[in-house]
Amino acid sequence: MSPKTLYDKIWDAHVAHEAEDGTSLLYIDRHLVHEVTSPQAFEGLRLANRKVRAPEKTIAVPDHNVPTTDDRVNGITNEESRIQVEALDRNAKDFGIHYYPVSDIRQGIVHIIGPEQGWTLPGMTIVCGDSHTATHGAFGALAHGIGTSEVEHVLATQTLIQKKSKNMKVEITGKLGPGVTAKDITLSVIGKTGTAGGTGYVIEYCGEAIRSLSMEGRMTVCNMAIEGGARAGLIAPDEKTFEYIKGRPHAPKGAQWEAAMAWWQTLYSDDDAHWDKVVTIRGEDIAPVVTWGTSPEDVLPITAEVPDPESFQGGKVQGARRALDYMGLKPGTKLSDIEIDTVFIGSCTNGRIEDLRAAAAVLKGKKIAVKRAMVVPGSGLVRAQAEEEGLADIFREAGFEWRLAGCSMCLAMNPDQLSPGERCAATSNRNFEGRQGRGGRTHLMSPQMAAAAAITGRLTDVREMMAPAPEPA
Amino acid sequence: MDKYETFTGIAAPLPQINVDTDMIIPKQFLKTIKRTGLGVNLFDEMRYDDNGAEIPSFVLNQPAYREAEILIAGENFGCGSSREHAPWAIRDFGIRCIVAPSYADIFYNNCFKNGILPIVLPQEQVDILMADAEKGANARMTVDLEAQEITASDGQVFRFELDSFKKHCLLNGLDDIALTLEKGPSIDAFEARAGLERPWV
Ligand code: SF4
């Protein structure tokens with residue numbers, strides 16, 4: 001048999017039909033659904049008198065619109081948000097799909113609860129009407145975002161019409177320095193390849209620095225594959241993956257577990273597999289980074305300065321001018337001199353327990369020097385665990401608001417928004433104009449860096465706050 | 001969906017790279033549970049000021065381009081989220097064709113499901129069409145999906161490539177779901193086989 005990549009193997013195992021021109025029906029193992037991109041799809045099913053083909057493989061949760069304040073038990077005050085969440089309540093019930101309502105402690109951001117509940121398994125095909133579905137690729141699953149028409153298509157047929165993407169390998173060799181995290185890896189890759197560098201590809205991340213990451217870290221890396229333009233990001237499963245999955249509510253058990261393991265252990269790219277594109281970065285060359293502009297590719301080490309738009313080429317010159325104007329920044333300003341108003345720790349990129357631990361470690365015994373700071377755990381269970389570990393107290397004592405689970409200020413569909421001109425250090429994944437609120441200015445970074453910024457009130461190199469001895473990996 | 005017929009229309013220039021889905025339709029308009037009515041909010045934050053008044057300099061607010069049916073744009077158009085509200089808003093405004101050097105993957109696919117043809121052309125050719133579009137309402141272009149051609153106002157013809165299956169569906173206004181349901185037996189067979197091979201799924 002000819003050598004295959006991990007993507008080739010998963011693809012081949014899921015083709016239900018292939019036309020002569022390569023257009024394929026890809027069978028979908030897990031379909032995740034949230035309230036914003038699904039109402040029109042369910043409406044379409046009703047109008048055509050269609051059913052959900054595989055309700056047992058369909059999992060729904062409200063996350064984008066839900067308030068994250070304690071008073072949400074009394075209901076959602078914003079009428080449109082409430083209607084959207086109620087529509088999901090009704091659709092989940094009418095079509096008989098798995099559901100985690102707002103009142104359930106397991107509720108949270110769809111990409112956090114999938115892995116948490118054991119829905120996400122190696123070798124699966126997973127889709128969701130949400131671009132950050134790529135997160136699940138950390139388990140060696142082929143996972144990507146789809147539009148609402150495709151949501152309806154998957155609901156009705158459990159398949160997706162697809163053509164195969166090309167294979168791209170992103171290798172991060174060696175070890176990461178102190179204070180450098182999975183977020184710095186993924187942002188640095190985008191900084192190098194650009195936001196369209198992955199267009200047409202499925203990326204497999206590999207190399208020693210990737211292997212050394214925890215499952216949480218791997219999810220952070222894959223989460224932002226979409227910001228690099230790729231259809232999906234993947235990491236081959238290994239012992240850490242299996243360890244993470246074992247015992248989760250929807251993970252296979254007993255003989256099923258053994259059978260699953262036998263297949264999962266074949267899920268890696270063969271040595272001589274063909275790659276259409278290869279990018280290699282030395283782990284030692286990655287620094288803690290922040291974004292300065294309005295595209296995730298506008299990324300630089302925290303030790304750098306705001307760039308001069310004239311130093312770019314082509315359309316980027318105009319793009320950078322516009323970005324600096326929007327961000328209210330001048331070329332030559334040291335990034336570490338940029339003062340911030342707000343800190344947001346959360347999102348499907350960095351709202352897991354490890355992220356909260358990392359931020360709390362920096363914050364312990366310190367006070368914030370910004371107008372406001374909030375932590376929004378990625379799920380009710382992450383929140384409960386953080387409370388048990390005493391992290392919530394560290395955040396509260398430092399001056400952070402301790403919120404309930406949801407997407408929150410990552411996209412500001414709920415009341416958590418920036419006001420015009422307000423500058424935010426955020427652990428989310430998009431720094432687009434208006435993303436966190438009209439006129440709001442977003443700098444993306446790791447949870448450690450966001451915590452450091454909260455303490456000093458400006459973008460800060462977290463390494464300056466760390467004990468001199470490097471942390472054990 | 002309607003069949004995609006050849007048409008001649010006004011093209012609006014938007015010479016900006018990385019136009020993301022948050023710009024195309026900001027999140028406050030994602031709360032709808034309908035597909036229609038989003039056209040007035042297309043490019044909302046670029047199009048209206050804080051008081052909701054039109055910003056005269058924005059291209060779609062200029063008299064020449066209010067009826068635009070084609071949009072000429074920069075590279076990586078439609079990057080960002082999977083929200084189909086973006087193509088819904090574009091189509092609801094009246095735009096049926098976009099020309100750009102490249103698109104984000106999900107946005108590109110979403111266009112075809114909504115009667116929008118996203119044409120990919122090399123940067124040099126997009127530049128020519130951009131300059132043509134700058135001429136205003138008198139510069140009308142013709143889009144012929146069948147022939148895979150777009151004709152500038154001076155008669156220059158540009159040929160574009162696209163996937164034959166996508167072309168077929170768009171041209172004939174076909175419903176994907178109905179097409180796939182015809183392959184029901186293949187899906188049944190796959191499920192039976194996968195159920196034996198991977199019973200834990
Ligand atoms: S946290 Fe942000 S990026 Fe993730 S699913 Fe929610 S809105 Fe999307």
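Biologist: Why does A:R106 count as partly exposed?

Modeller: Its relative accessibility is 33%. Buried would need under 20%, and exposed would need over 50%. A:R106 lies in between, so "partly exposed" is the term. Keep in mind that this is a predicted model.

Biologist: What makes A:D104 count as buried?

Modeller: A:D104 has 17% relative accessibility. The cut-off for buried is under 20%, so A:D104 qualifies.

Biologist: How do you know that A:D104 forms a salt bridge with A:R106?

Modeller: Look at the closest N and O atoms of the pair. They are 2.8 Å apart. The limit is 4 Å, so the pair passes. In general, side chains of opposite charge can pair when their charged atoms come close.

Biologist: How many salt bridges are there over all chains?

Modeller: The search of the whole structure gives 39. Between chain B and chain A the count is eight.

Biologist: What makes B:D188 and A:R53 a salt bridge?

Modeller: The N to O distance is 2.8 Å.

Biologist: What makes A:R435 and B:D22 a salt bridge?

Modeller: Their closest N and O atoms are 3.4 Å apart. The limit is 4 Å, so this pair counts.

Biologist: How do you know that chain B is in contact with chain A?

Modeller: Count the residues. On chain B, 55 residues are in contact with 70 residues of chain A. The area buried between the chains is about 5200 Å², and carbon and sulfur atoms give 56% of this area. In chain B, B:K27, B:K31 and B:W200 lose the most area to chain A. Together they make up 16% of what that side buries. There are also 34 residue pairs in polar contact between the chains.

Biologist: Which helix gives the largest share of the side of chain B that touches chain A?

Modeller: α8(B), with six residues. That side divides into 19 nonpolar, 14 polar and 22 charged residues.

Biologist: What puts the buried residues of α15(A) on the same side?

Modeller: Start with the residues. In helix α15 (residues 391–398) of chain A, the buried ones are A:L391, A:A392, A:I394, A:F395 and A:A398. They cover an arc of only 160 degrees around the axis, so they share one side of the helix.

Biologist: What do the buried residues of α15(A) pack against?

Modeller: Elements of chain A, including β15 (342–345), α13 (353–363) and α14 (380–388). After α15(A) comes A:G399, with a positive phi near 110 degrees.

Notes
Residues are numbered from 1 along each chain as its sequence is written. Chains are lettered from A and ligands numbered from 1 in the order in which they are written. This is a predicted model: local features need pLDDT of at least 70, side-chain atom pairs count only at pLDDT 80 or more; totals for chains, interfaces and linings use all residues. Side-chain values use heavy atoms; hydrogens and water are left out. Contact means heavy atoms within 4.5 Å. Buried area is the accessible area (1.4 Å probe) that two parts lose on being put together, summed over both. A salt bridge is a side-chain nitrogen of Lys or Arg within 4 Å of a carboxyl oxygen of Asp or Glu. A polar contact is a pair of N or O atoms within 3.5 Å; within protein, one must be able to donate a hydrogen and the other to accept it, and residues adjacent in sequence count only if both atoms are side-chain atoms. Helices (H or I, at least four residues) and strands (E, at least two) are DSSP runs, numbered from the N terminus. Ala, Val, Leu, Ile, Met, Phe, Trp, Tyr, Cys and Pro count as nonpolar, Asp, Glu, Lys and Arg as charged, and the others, Gly among them, as polar. Buried means under 20% relative accessible area, exposed over 50%, partly exposed in between (1.4 Å probe, protein chains only). The arc is that of the directions from the helix axis to the C-beta atoms.
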